[in-house]
Amino acid sequence: MTTTLTPAPNTATTERLTVSRTARLVPIAPGIVVAAAVALPWMVNAYVVSLAATALLMAVLAMSAQLLVGLAGQPPLGQAAYLVVGAYTAATLATLTNLGPVHLLAASAAGAIAAAVTGLLAVRVRATTFLMVTFGIGELVHAAAGQWALGGSEGTHTGAVVALPGLPPMVRPGWVYLYVLACTLIIGTAVILLTRTRFALLLRGIAAHEPRVQAAGHHTSRLLLAAYTLAGAIAGAAGALLIAVTRYVSPADAAMGVSAIALAAALIGSGSMIGACAAAILLVAARDWAGGLLSGHGITLLGVCFLALAYLPRHRLAGLITRRDRERT
């Protein structure tokens, strides 16, 4: 009788092959996502396209919040204030020019200036107090916009934006969406490059142990003010995109609910800019698209999402996943 022995599979080799296949897929995945995003206007109706454009500008606002909470560990609840500053700046410029890139640069500068001024107050405090101070700043801007901004409490309308000189105004939702998508990708790339700098490492050091960073000779308040100013610039850019999408801005756009969505998206993103953007898109979809399917209960669904964020701690979920993987092995 002859016995045939089958060699046992090499576990290490199998794991290396799996990792190698995953590594090959990682560079391809962003390209697939971008290609699908570009093709979206040809696959869905105008309402979904407009909703997607709104979700993208909220993703930019979420990046603004993530720069503070994800890197520096300081949770802001007033980023909508700088969005409105940027939006009103773009609306004012719309009376002179309807060129979108000009609106974007001016709105970013206005958001940065507003954040630099108000940030002098915000960076003096930390954690929960920082949250409350930024909330107060947001509410002050909300009230000021209702009193002194263009159109008062009724807001103001603008014309269609032009993407580049020589092109016609973007009237169709598909062209507006593609413009917002291009701006979002440019802003996102710049922000991701920023997170890989020494400046970002210092912000993470402040979040982990601020006294140690101070002991190394760094002025942490100045670093936080710089981060707060950059976050204001990003939020201001989101305001210019708001003008491109809706051609309208009002003091209601500075409401706490808008800032809360940005902060929630940043928290869900767990320190990742891509995660924050994805969370912002999902939250807007839950509020506007899924809410429409539920007879207009989008705010209720959004509240449920916030409760899930509060009562389902991500570290416990990570622990359960790790425990399950150990049991499998």
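## Ground rules

Residues are numbered from 1 along each chain as its sequence is written, and side-chain values use heavy atoms, leaving out hydrogens and water. Because the model is predicted, local features need pLDDT of at least 70 and side-chain atom pairs count only at pLDDT 80 or more, while totals for chains, interfaces and linings use all residues.

## Where H2 meets H9

Let's start with helices H2 (residues 46-72) and H9 (residues 256-269), whose axes come within 8 Å and cross at roughly 65 degrees. Helices (H or I, at least four residues) and strands (E, at least two) are DSSP runs numbered from the N terminus. Axes are lines fitted to C-alpha atoms, for helices over the stretch in contact, with angles from 0 to 180 degrees between N-to-C directions.

On the H2 side, the contact (heavy atoms within 4.5 Å) includes Met58, Leu61 and Val69, and on the H9 side Val258, Ile261 and Gly269 are among the residues met. The residues of this contact divide into twelve nonpolar, two polar and no charged; Ala, Val, Leu, Ile, Met, Phe, Trp, Tyr, Cys and Pro count as nonpolar, Asp, Glu, Lys and Arg as charged, and the others, Gly among them, as polar.

Gly78 lies in the loop between H2 and helix H3 (79-93). Leaving aside residues up to four places away in sequence, Gly78 touches Thr134, Gly138 and Ser259.

Ser250 sits in the loop between strand E2 (248-249) and H9, and is buried with a relative accessible area of 7%.

Definitions and conventions. Buried < 20%, exposed > 50% of the residue type's maximum accessible area, 1.4 Å probe, protein only.
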